[in-house]
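The sequence and structure are shown first.

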Amino acid sequence: MPEISPLQKARAAYQPRLPKILAENGPFAQAKLGEPTHSVADQEAIRKLFPDTYGLPAIDFVPGAPVATSPIRAGVILSGGQAPGGHNVIAGLYDGLKKLNGENQLFGFLGGPSGLIEDKSLLLTDEIIDSYRNTGGFDMICSGRTKLETEEQFQKVMETCKRHGITAIVIIGGDDSNTNACTLAQYLVGQKAGIQVIGCPKTIDGDLKNKWIEVSFGFDTATKVYSELIGNIMRDANSARKYWHFIKLMGRSASHIALECALQTHPQACIVSEEVAAKKYSLKQIVDQLTGIVVERARRSLNFGVVLIPEGLIEFIPEIQTLIAELNDLLAKNQAAFDALTDLEAKVAFVEERLTPAHQEAFRPLPAAIKAQLVGDRDPHGNVQVSKIETEKMLAEMIEANIRALNATEPKKLKFSSQCHFFGYEGRCAAPSNFDANYCYSLGYTASALIAAGKTGYMASCRNISQPIDQWVAGGIPLTMMMNMEHRHGKDVPVIKKALVDLEGKPFQTLAANREAWAKGVEFRYPGPIQYFGPAEVCDQPTQTLALEHL
């Protein structure tokens with residue numbers, strides 16, 4: 001048995017709190033049905049694809065008297081990337097099922113969706129659950145990225161469930177995983193399999209949210225971990241006063257993490273990908289804006305600062321976005337000739353001379369290392385692996401080139417030295433904050449109540465979560481309500497729509513109102529490490545994003 005730390009021992013004793021309706025009524029709470037719902041877009045197309053689960057009403061739980069229930073066997077999987085609090089979702093689900101009927105059983109399928117397809121399972125017990133309460137990571141049953149999307153896979157899932165007598169599956173995942181949950185729910189209803197499917201909203205990126213899902217779990221903890229690290233770097237920068245720190249943060253499809261960390265720490269600059277796309281900023285414009293901040297501070301002998309960069313920025317820059325698309329097409333058509341080249345410089349030259357003039361203009365100024373990444377690693381589909389592009393180094397090198405050019409004419413030489421960082425895995429498996437510990441446990445418990453109510457095709461939901469937990473509202477939202485049609489891999493497919501940063505929303509507007517002052521001065525804010533014990537104003541605060549969205 002591995003040795004546990006004093007903190008882990010203390011956290012094991014923490015009892016997550018529940019919304020009032022669940023604390024008082026448990027999973028026996030009654031499902032109050034709202035009005036019929038519709039998808040966020042493409043209503044007719046989504047209705048045709050999900051004829052049996054489309055238009056379901058949203059649910060709020062209200063007081064209900066305990067009733068005897070027959071034993072239930074349920075299954076649970078963790079799907080996609082890790083996020084703090086996944087173990088507490090499972091613990092809440094387990095406790096809720098046991099509260100319904102002590103004979104209920106919960107099977108954890110190992111390695112994500114593939115475990116469900118291949119029937120690799122673990123019967124979860126009190127001993128297993130208790131050893132993972134309030135811990136980070138997904139190591140209780142581990143996760144995986146296999147997609148549940150083919151009829152053959154659905155058939156194997158159904159066979160696995162019938163083999164174990166399982167009548168409910170809970171899928172803990174992000175937008176893609178819950179899209180799969182929605183499709184699976186429709187299939188099982190169509191087959192009259194008698195197997196419910198419930199989703200839970202997970203992703204540290206924060207892009208799975210709407211009116212009913214105010215935040216995905218893990219976002220709170222991850223952004224607090226990153227903000228602590230950023231604050232530490234800011235303190236160092238303010239002490240040494242000689243480095244600019246360029247920090248890339250998780251968030252390929254949306255900039256919620258970068259924005260939240262900026263609100264927590266007050267950097268000199270925070271790039272928001274959605275603003276770049278909306279204003280059609282070129283890479284040169286972005287670099288020139290950052291150079292202007294560096295120069296203005298250097299002339300006041302403030303030769304230090306912090307810049308936050310979302311992971312997916314490069315895909316939001318218009319000319320880089322189209323450059324990548326042309327590169328993908330060019331290399332696909334010239335694969336044999338390109339692969340025959342052994343020298344990297346020759347490969348770069350091969351690509352550059354075949355680009356259209358506009359994309360040659362975008363490609364040539366890029367640092368050599370970025371060019372190498374653009375023409376080098378490809379994913380299994382032959383596409384550029386955008387997540388591996390070191391955007392933070394690209395910006396630092398291009399600013400440095402601008403400073404060198406300025407110094408050729410400046411009477412007093414400007415100073416610029418940079419350090420680059422990428423914070424990603426550091427936040428995905430942290431011990432969940434009190435907020436995430438409570439939120440995740442409540443989501444799991446809500447999932448057990450949805451199972452008890454006989455629902456399928458729903459996502460567990462807790463709302464009003466910027467307020468004290470006794471004011472939270474537990475319920476469920478139909479998965480089809482979040483769907484739209486998108487063009488992927490050459491065809492239109494139904495997917496849960498990602499939530500991007502709202503440029504008119506209060507979180508972004510707060511950044512916009514303050515960034516000029518933050519750029520010029522030293523207004524660093526040092527959040528410090530996550531606190532698990534102490535006054536509520538220190539331990540139980542939601543993110544700045546959530547608080548601002550619900551002012």
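## Polar contact at H421

A polar contact is a pair of N or O atoms within 3.5 Å; within protein, one must be able to donate a hydrogen and the other to accept it. In this predicted model, the side chains of H421 and H245 form such a contact at 2.9 Å.

H421 is part of strand β12, which spans residues 418–423. Leaving aside residues up to four places away in sequence, H421 touches I233, H245, F246, I247, K248 and E392.

## Aromatic pairs

There are eight aromatic pairs in the structure. One of them joins F246 and F416: the ring centres are 6.2 Å apart and the planes stand at 75°, so the pair is edge-to-face. F246 belongs to strand β9 (residues 244–249) and F416 to the loop between α18 (391–407) and β12, so this pair ties together parts that are 170 residues apart in sequence. F246 counts as buried, at 0% relative accessibility, and F416 is also buried, with a relative accessible area of 12%.

F524 and Y526 also pair edge-to-face, because their ring centres are 6.5 Å apart and their planes are at 65°. F524 is buried at a relative accessible area of 10%, whereas Y526 is partly exposed at 28% relative accessibility. Elsewhere, F435, Y439 and W472 are linked into a cluster by ring pairs.

## Charges over rings

K248, one of the residues touched by H421, lies over the face of F422, at 4.6 Å from the ring centre. R11 lies over the face of Y14, at 4.5 Å from the ring centre.

Methods
Residues are numbered from 1 along each chain as its sequence is written. This is a predicted model: local features need pLDDT of at least 70, side-chain atom pairs count only at pLDDT 80 or more; totals for chains, interfaces and linings use all residues. Side-chain values use heavy atoms; hydrogens and water are left out. Helices (H or I, at least four residues) and strands (E, at least two) are DSSP runs, numbered from the N terminus. Contact means heavy atoms within 4.5 Å. Rings of Phe, Tyr and Trp (its six-membered ring) pair if their centres lie within 6.5 Å; planes under 30 degrees apart count as stacked, over 60 as edge-to-face and the rest as tilted. Buried means under 20% relative accessible area, exposed over 50%, partly exposed in between (1.4 Å probe, protein chains only). A charge sits over a ring if NZ of Lys or CZ of Arg is within 6 Å of the ring centre and within 35 degrees of the ring normal.
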